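I opened my notebook to record what I looked up in this structure. My entries follow the order in which I looked.

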Amino acid sequence: MALAAAAVLTTGTLTACDASSDSQTHGAPAKKRTAPVWNRSPDSIAAVGDSITRAFDACLVLSDCPEASWATGTDKGVRSLAMRLIGGEPATIAQRSWNFARTGAQVADLTRQMTQAGKRRPELVTVLVGANDACAQTAGTMTPVADFRASFSGAMRELRRTAPKAQVYVSSVPDLHRLWATGKDDPLGRAVWKLGICSSMLGDAEDTSARAERRRADVQERVVAYNDVLKDICAKDTRCRYDGGAVFDYRFGEKLLSRWDWFHPSKDGQGVLADIAYRNITAERPPV
């Protein structure tokens with residue numbers, strides 16, 4: 001769908017959303033450049049990110065399930081963002097949405113994914129990345145904040161090179177500490193986490209010593225810092241919306257987590273992510 005035009009009422013003229021008006025009317029000073037109008041109903045979507053967007057462990061153990069993806073899936077139970085914005089049958093959705101996310105991806109992988117996404121010239125690109133950067137083997141091996149910033153900035157520049165007019169919706173990194181608090185008292189959850197899932201936060205889940213609490217606090221601080229980076233860089237791009245911390249703030253309870261790993265969203269959890277994204281993308285104003 002074509003982007004809506006911005007009505008400039010002060011002079012009775014209509015200014016295109018991407019162009020500044022350098023002309024003068026009756027001696028009036030030149031108008032300032034207007035920001036692009038956010039298209040609240042894009043009809044093509046490319047998704048980039050990690051295993052959450054691939055719906056890993058949502059359908060089968062140790063398997064991607066892209067049909068259940070919050071961003072581009074076709075599962076009617078999830079009602080993905082693509083289903084809500086594009087509509088129609090699965091074949092129609094598949095023709096207008098593409099999932100370039102990769103299980104295990106970190107922010108450093110985003111530039112390559114943006115190259116793939118840009119080639120499709122989508123009207124909207126969704127981004128959800130960062131959990132794997134914090135979920136390192138140890139807190140000391142998490143991606144440094146400066147590196148995270150450099151990688152995300154580079155990925156956005158690459159998208160602007162290949163698809164300069166694509167809108168971008170950026171989800172915040174989920175609250176990993178709240179995830180630990182949700183599953184730490186469940187024997188099954190703790191048993192699964194011992195296999196090495198997000199060891200920096202979830203390892204030794206029953207350990208409440210000062211050292212363990214400091215480790216978890218370090219991971220939490222890093223996630224908050226990553227979200228600050230996502231918000232800051234997105235704010236510098238007039239075609240980008242950050243979710244305002246909505247995913248980070250959401251309380252993902254037991255029913256919204258995969259029964260196989262107590263980490264990735266279940267189908268119901270994928271549906272929640274789709275709800276959050278749809279509300280923010282179709283809202284008249286961006287979240288704050």
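**Entry 1: the whole chain**

I noted at the start that this is a predicted model. I looked up the secondary structure of the protein chain and found 11 helices and seven strands. The chain has 288 residues, and 53% of them count as buried.

**Entry 2**

I turned to helix pairs. Two packed helices are described by the angle between their axes and the distance between the axes. I looked up both values for each pair.

Helix H3 covers residues 110-119, and it packs with H5 at an angle of about 15°. Their axes are 8 Å apart. Angles under 35 degrees count as roughly parallel, so H3 and H5 are roughly parallel to each other. The crossing of H3 past H5 is right-handed.

Which residues make the contact between H3 and H5? From H3 I listed Leu-110, Thr-111, Met-114, Thr-115 and Gly-118. From H5 I listed Ser-151, Phe-152, Gly-154, Ala-155, Met-156, Glu-158, Leu-159 and Thr-162. I sorted the residues of this contact by class: six are nonpolar, six polar and one charged.

**Entry 2: H5 and H9**

I stayed with H5, which runs over residues 145-162. Helix H9 covers residues 210-235. The axes of H5 and H9 come within 10 Å and cross at roughly 30°. H5 and H9 are therefore roughly parallel to each other. I looked up the hand of this crossing too, and it is right-handed.

On the H5 side, the contact uses Val-145, Phe-148, Arg-149, Phe-152, Ser-153 and Met-156. On the H9 side I found Arg-222, Ala-225, Tyr-226, Val-229, Leu-230, Asp-232 and Ile-233. By class, the contact of H5 with H9 has nine nonpolar residues, one polar and three charged. I marked Phe-152 in my notes: Phe-152 of H5 meets H9, and Phe-152 is also listed in the contact with H3.

**Entry 3: H6 and H9**

H9 also packs with helix H6, which covers residues 176-183. Here the angle is about 135° and the axes are 8 Å apart. Are H6 and H9 parallel or oblique to each other? Angles over 145 degrees would count as roughly antiparallel. H6 and H9 are therefore oblique to each other.

Leu-176, His-177 and Trp-180 of H6 meet Glu-213, Arg-216, Val-219, Gln-220 and Val-223 of H9. This contact divides into four nonpolar, two polar and two charged residues.

**Entry 4: Asp-175**

I then looked at the loop between S6 and H6, where Asp-175 lies. Buried means under 20% relative accessible area. Asp-175 has 12%, so Asp-175 is buried. I set aside its neighbours within four places in sequence, and found Asp-175 in contact with Gln-220 and Phe-248. Asp-175 and Phe-248 are 73 residues apart in sequence, yet 4.8 Å apart in space, C-alpha to C-alpha.

Helix H11 covers residues 267-282, which is 16 residues. I checked its length. At 1.5 Å a residue, H11 should span 22 Å, and its end C-alpha atoms are 22 Å apart, which agrees.

Asp-268 is found in H11. Beyond its neighbours within four places in sequence, Asp-268 is in contact with Lys-255 and Leu-256. The C-alpha atoms of Asp-268 and Ala-58 are separated by 8.9 Å, and these residues are 210 residues apart along the chain.

**Entry 5: two positive phi values**

Last, I looked up backbone angles. Asp-204 has a positive phi of about 50°, although it is not a glycine. Asp-204 lies in the loop between H8 and H9. Asp-204 is exposed, with a relative accessible area of 59%.

Trp-262 also has a positive phi, near 50°, and is a residue other than glycine. I found Trp-262 in the loop between H10 and H11. Is Trp-262 buried or exposed? Its relative accessible area is 6%, so Trp-262 is buried.

Notes
Residues are numbered from 1 along each chain as its sequence is written. This is a predicted model: local features need pLDDT of at least 70, side-chain atom pairs count only at pLDDT 80 or more; totals for chains, interfaces and linings use all residues. Side-chain values use heavy atoms; hydrogens and water are left out. Axes are lines fitted to C-alpha atoms, for helices over the stretch in contact, and angles run from 0 to 180 degrees between N-to-C directions. Helices (H or I, at least four residues) and strands (E, at least two) are DSSP runs, numbered from the N terminus. Angles under 35 degrees count as roughly parallel, over 145 as roughly antiparallel, 65 to 115 as roughly perpendicular and the rest as oblique. A crossing is left-handed if the near helix is turned anticlockwise from the far one by less than a right angle, and right-handed if clockwise. Contact means heavy atoms within 4.5 Å. Ala, Val, Leu, Ile, Met, Phe, Trp, Tyr, Cys and Pro count as nonpolar, Asp, Glu, Lys and Arg as charged, and the others, Gly among them, as polar. The expected span of a helix is 1.5 Å times one less than its number of residues. Buried means under 20% relative accessible area, exposed over 50%, partly exposed in between (1.4 Å probe, protein chains only).
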